[in-house]
Amino acid sequence: MRDFSYTRATTIEDARQAALQAGSAILAGGTTLLDLAKCGVNEPDELIDISHIRGLDGISVGESEASIGALAKMSAVADHPLILKVYPAVAQSLSLAASQQLRNMATIGGNLLQRTRCPYFRDPATFSACNKREPGSGCSALGGVTRNHAVLGTSESCIATYPGDLAVALVAFDAVVDLGSRSVPVEEFFLEPGDRPERETVIAPGEVIIGISIPASAAARNSTYLKVRDRQSYEFAAASVAVGLELEADGRIVKDVRIALGGVATKPWRARAVEQALVGKALTEEVILSAARLSMEGAVAHGGNHYKIELAPRVVARALRTLGGLA
Ligand SMILES: Cc1cc2nc3c(=O)[nH]c(=O)nc-3n(C[C@H](O)[C@H](O)[C@H](O)COP(=O)(O)OP(=O)(O)OC[C@H]3O[C@@H](n4cnc5c(N)ncnc54)[C@H](O)[C@@H]3O)c2cc1C
Ligand code: SF4
C-alpha cells in the first residue's frame, strides 16, 4: 500500500473542497476504500476523513418519508425500530449484508459507493486487462470465470455485477440520494457500463453524499428482501430481490408492487416489466410464475453465470408468495 496523507474534515464544505483535488478520496468507514488501496485498485494520495462531521448520521422516519444521513452506520439503520416497521426490506437488505463487525463500521454513503467484486478488477497485479480500472485495456472476465458476473445491463466492455444490497431496496422504493446541491433518484444515480465502465455513478468530483430519503408507501411497509447466495452469511448475492406489495381491500388483487433485483445486473435493477404484469391481477401461483419470468427479459449469459437466468425468477416468485400469503 502506498503512503498517503490524511485530512480530517469537520464540515461538508471542507470535505467538498478537499475532494476536488486530484488524487484525493473520501474516507467514511473505510471498509471498502482500504481494501481497494491494499490491492492496488485505488491508491489515493490524500484521504479526507468525513467520519467526524457532525449531524450526518441521523435517521428519521416521518409520515411521508424517511431520511438517513450518509454517516449512519449500516447496523444502526438495520436495527432502527421504525425502519424495521415502515421499510422492512431496507432493514433486511442491510442485516443480510457483510458481517456484524463490518456493519458496525460501514456507513450508508460508503455502502452505495462500494465497488464490484469482479476478481479481475481487484487483482491488478495478475490481470492487467480491465476496462473499469484502465479504460481501453480490455476485459479479463470475458472468456474467464464468470460465475458471479452480471446477466443484465452488461456491455462488450464490462459484465461486472453491482454487489450491494441496500441500493436494491432503495431502487424498489424510489429513494433519492441527496448530494447537497442536487438530488438524484437512486435508480438514476447508478450507470450501466456501456463503453465507459469506469463511470459507475453520476457523482462528480467534489460531490459528497449527504444522505438518502425514502418515500413512504404501503408497498414499502409490506416488503421483504430475499437474498440467495453460496453460503448463508457473509456472502454477496448470487441473486436477490426487494419486493413491496400492496393489495386491494379484497386482499387478492395487486394494487401496487415494487420489484428490484440484485446480484444479477451491473447496477441495482428495477424490474418494471414484472410490476406491470402483476398490477390489477389476482395474485395466483400462475400469475406469479409468468410475471417472475419477465425479470430476466434481455438477460445475456456469459458462460458460468447462466444459472442466474433460472435462479432470479425463482427468487422473485418466492418473495411474492411470501408477501402475498401463498408461501
Ligand atoms: C468482506 C466484506 C463483505 C461484504 N459483504 C457485503 C454484502 O454482502 N452486501 C453489501 O451490500 N455490502 C457488502 N460489503 C461492502 C460493505 O457494505 C461496504 O464496504 C461498506 O458499506 C462501505 O462503507 P464505508 O463507510 O466503510 O465506505 P468507505 O470504504 O469509507 O468508502 C467507500 C467508497 O465510498 C466513498 N464515500 C464514502 N462515503 C462517501 C460520501 N458520504 N460521499 C461521497 N463518497 C463517499 C469513498 O471515497 C469510497 O470510494 C462487504 C464488505 C466486505 C469487506
Ligand atoms: S467485468 Fe468489468 S470489472 Fe471485471 S474485468 Fe471486465 S471490465 Fe474489469
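**View 1. β2 and β3 run parallel, joined by 4 bridges.** Strand β3 covers residues 46-49, and in β3 Ile 48 is the bridge partner of Ile 26. Strands here are DSSP runs (E, at least two residues; helices are H or I, at least four), numbered from the N terminus, and two of them pair if DSSP finds at least two bridges between them. This is a predicted model, so local features need pLDDT of at least 70 and side-chain atom pairs count only at pLDDT 80 or more, while totals for chains, interfaces and linings use all residues. Residues are numbered from 1 along each chain as its sequence is written, chains are lettered from A and ligands numbered from 1 in the order in which they are written, and side-chain values use heavy atoms, with hydrogens and water left out.

**View 2. Zooming out: an open, parallel sheet of 3 strands, in the order β1-β3-β2.** The edges belong to β1 (5-8) and β2 (24-27); each has a single partner strand, so one side of each is left without a neighbour in the sheet. From one strand to the next, the twist averages 25 degrees (axes are lines fitted to C-alpha atoms, and angles run from 0 to 180 degrees between N-to-C directions).

**View 3. An open antiparallel sheet of 5 strands, in the order β4-β5-β8-β6-β7.** Here β4 (59-61) and β7 (183-185) are the edge strands, with a single partner each, so one side of each lacks a neighbour in the sheet. The twist averages 15 degrees from one strand to the next. Inside this sheet, β6 (residues 176-178) and β8 (residues 211-215) pair in the antiparallel sense over 3 bridges. Look for Val 177, which stands opposite Ile 212 in β8.

**View 4. Ligand 2 sits in the largest cavity.** A cavity is a set of points, on a 1 Å grid over the protein atoms alone, where a 1.4 Å probe fits but cannot get out; sitting in it takes more than half of the molecule's atoms within 2 Å of its grid points. Around ligand 2 there are 14 residues (a heavy atom within 4 Å), and Cys 118, Cys 130, Cys 139, Cys 158 and Ile 159 come nearest. By class, the shell has 9 nonpolar, 4 polar and 1 charged residues.

**View 5. The second largest pocket holds about 330 Å³ of space.** A pocket is an open set of points with protein on both sides within 12 Å along at least five of seven lines, and lining residues have an atom within 4 Å of a point. Of its 26 lining residues, Arg 117, Asn 148, His 149, Phe 236 and Ala 237 are the closest to its centre. The lining divides into 10 nonpolar, 9 polar and 7 charged residues.

Conventions:
Nonpolar A, V, L, I, M, F, W, Y, C, P; charged D, E, K, R; others polar. Points joined across faces, edges and corners; volume = space filled by probe spheres on them.
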